[in-house]
Each structure stands twice: as C-alpha cells, then as structure tokens.
Amino acid sequence: MRLPNAGGRTWLKVLGALVGLVLSVLLLSTAFFKWNLHGAGDLLIPRFPLRKFVQDLPGHLVWLVPFLLLQASLVPLRAVQWQATLRKPIPFRDRYHLVGIGVFVHNALPGKLGEVTRAFLLARTQNVPFIRGLGSVGVCKLMEFACLMLLVALSFLGPFGTTMAHFRGQLKVAVSLCIGLVALVVLLAHWAAPLGRWLHKRHSLPRVESFLSHVGEGLGTARSFKGMAKVFFFSIFPVSASALAYGLALHGIGIPGGLFAGAVVLGAISLGQALPGVPAGMGIYYFVTSWAARSLGASPEAAAAFATLTHLGTVLSQVSLGALSVHHSKLRIRDLRKGGRLANAAAHHVAHEAVEPAPP
C-alpha cells in the first residue's frame, strides 16, 4: 500500500485545519446568534444588540481582575501539586517553568498539547523518562477531575440545587467516567510493572516489557491510598481557585449565588475540552460557557460577555506567565508551534525508552 506523499499530507493538514476553523466558528457563533434552520427569515438571528454588548464590556472589569489573578495562580499551584506524583525531587522553579510552558502551549498553540509538552520537556531537562513523566502528569489531571466532580456534587446543595436538577444525568455520566478512570489508573499502577517483569523473565516482547515498567513507575503514586490522597489534597487548591474564578464571574454578571455554580461551569468546560488535538477548542469553550450561563439564569448578553471575557482572561493570564517561562527556558516559539515535530520527538523518546532495560 502506498503511503501519501508529503504534498498529500500537507493537503490533509490544511483540510483538517479548515474543518476545525469552520466548526469552531459555528460553535462560537451560538453565544451571539441563534441559527434559524427552518427556512423562513434570516439564517442568523442576533441574541442581543451587538453594539450595546461591546459598549457594556468595560463594566465587567470589576470581576475580570480577580478572575485574571485566580487563573494566573494555577501555574504555581500545579507546580506544587506535580511534585506529589514525581518519584524524583524536582526544584520548584523548574516545575513552575515546565507547567508555565505547558499552559502556554495549551492556550496559545493549536492541538491542546500542553501536558504532552510538559512531560516531554521534563524528559529533556531532568532525565525523567517521557512515559514516566506523562504518567505523573496524568495522575495530576485525574485527581483534579475527581476533585472537580466532588465540588460539582457539593454545588447541588447550594442555591442552584433546583436549577441544576436537569444536569443530574450529565453529572452521573461524568462521575461514572471519573470512577472508571481512577480504577483503570489504579490497576495499571499495580499490575503494569509486575507484568513487565513477567515478560522480562520470559525474554519476550522487550519493548512492551520496558513500556509497562515505565508506565508503572509513572503511575506509582496510585499504588497506595496514601499516595492518591496526597495528590488529591494538592489538587484541591488549583481546582478551587479556578472554580472560584468562574463563580466570581457568574456573580459578576448578575446571577444570585453564582459563587456556588463556578464548579459546574468548570466541569462542563473540562468535559468539553477533554480530548487533546480537537481542532475546535475555542468554539467548544464559547458554546459550553454561554450555554451553561444561560441555563443558570443569565441573559443572552450577559452569557456572551461571560464566555468572551473568561476566555480572554484565561488566555491573557496564562499565556503571559507561560511566555515568561518560554523566554526563561530559551525556547523558540517556532519550534513549539510545530506540533508534528513535538509529536515526533515524543515518539522518539517512547521508542528509545522501549528498548531500555526495565528498572529493577
């Protein structure tokens, strides 16, 4: 079978980018317009006067400033959290810059490869195998997800208990997914390394053997309840900071008791953008945040302002901090922009580690 040539791959990338752009624009537009698909009248119906919307944006600065500060705090808080899953002590300064570069890649570049970048640079700078580093990042994200699901469940006890009743089905699905992922990680943490040693004794599948050994090491924190509890504890702080940021924003657009609903919006965002590489991330963000705000009682104009300003606030705060870390690390933006090069380099690390002898 003939593989597509370089020109064919280029066209596929261009086509994928165009499809992602169109899909993102369509989803983003739902925050500002209603789509009239019945054939009578205009195709797009504005939800509110756009000129008045722009004129009213400066009035939201009262909540946008604390939102910026809380979102910026995620970088140091996640740097602290990360050490709980790393078997090797890494200086806080190095962890901070690696997390900063990761959030820069996640928010400023296509592909949502920030966490992969974090693990890849950890391997390059700290001599931690890429698979182990990626496993440690995965445990951090999983415990953040578990903490977020707990906050969402608790928010049903707040003033939006009745309003959020129609989210109950989605919450059950999310909690089931969270429990399943935790169970999978615990099983891998306990059995990946023993399975690798079993393969080593049989002198079969050396690449699989080494891969499983590195996976077991990367997920090592999940082998004990104490280890998982420690990571969960340090996950409370970044999740709470982000949920409080969105809660302040909901309160700022006039939703009574909006502080209690920040976790719900954050949960919807997390589920909507869970898969890396999806080419419509920004459109999904606007669709999810504006829909959630309207569901909680916000006017269409306030919901659109909520989606617009929280997106700009997140990007501005985290990209600014991340850009400083990129500059400090003397990385070139043009190299980070080439997601294919990063993926190939990460694959090279995986292949290299797969032929290394398994750890004893």
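Trainee: What describes the way α7 and α10 pass each other?

Mentor: In this predicted model, the axes of α7 (residues 130–155) and α10 (residues 225–252) come within 8 Å and cross at roughly 65 degrees. Axes are lines fitted to C-alpha atoms, for helices over the stretch in contact, and angles run from 0 to 180 degrees between N-to-C directions. The crossing is right-handed, a term used if the near helix is turned clockwise from the far one by less than a right angle.

Trainee: What makes the contact of α7 with α10 (heavy atoms within 4.5 Å), and which classes of residue does it have?

Mentor: From α7, the residues include Val139, Met143 and Leu150, and from α10 they include Val231, Phe232 and Ile236. By class, there are 15 nonpolar, 2 polar and 1 charged residues. Ala, Val, Leu, Ile, Met, Phe, Trp, Tyr, Cys and Pro count as nonpolar, Asp, Glu, Lys and Arg as charged, and the others, Gly among them, as polar.

Trainee: Why is Phe104 called buried?

Mentor: Phe104 is called buried because its relative accessible area is 7%, and buried means under 20%, against over 50% for exposed and in between for partly exposed, with a 1.4 Å probe and protein chains only. Phe104 is found in α5 (residues 92–108).

Trainee: How do you know that the span of α6 is close to the expected one?

Mentor: The expected span is 1.5 Å times one less than the number of residues. Helix α6 (residues 114–126) has 13 residues and reaches 18 Å from first C-alpha to last, close to the expected 18 Å. Just after α6, Asn127 takes a positive phi of about 55 degrees.

Trainee: Which residues of α11 are buried, and what covers them?

Mentor: Among the buried residues of α11 (residues 262–272) are Val264, Val265, Leu266 and Ile269. Their cover includes α7, α10, α12 (281–295) and α13 (300–328).

Trainee: What makes a segment a helix or a strand, and how many has the chain?

Mentor: Helices (H or I, at least four residues) and strands (E, at least two) are DSSP runs, numbered from the N terminus. The chain has 15 helices and 2 strands, and 44% of its 360 residues count as buried.

Trainee: Which conventions apply?

Mentor: Residues are numbered from 1 along each chain as its sequence is written, and side-chain values use heavy atoms, leaving out hydrogens and water. Local features need pLDDT of at least 70 and side-chain atom pairs count only at pLDDT 80 or more, whereas totals for chains, interfaces and linings use all residues.

Methods: Contact means heavy atoms within 4.5 Å.
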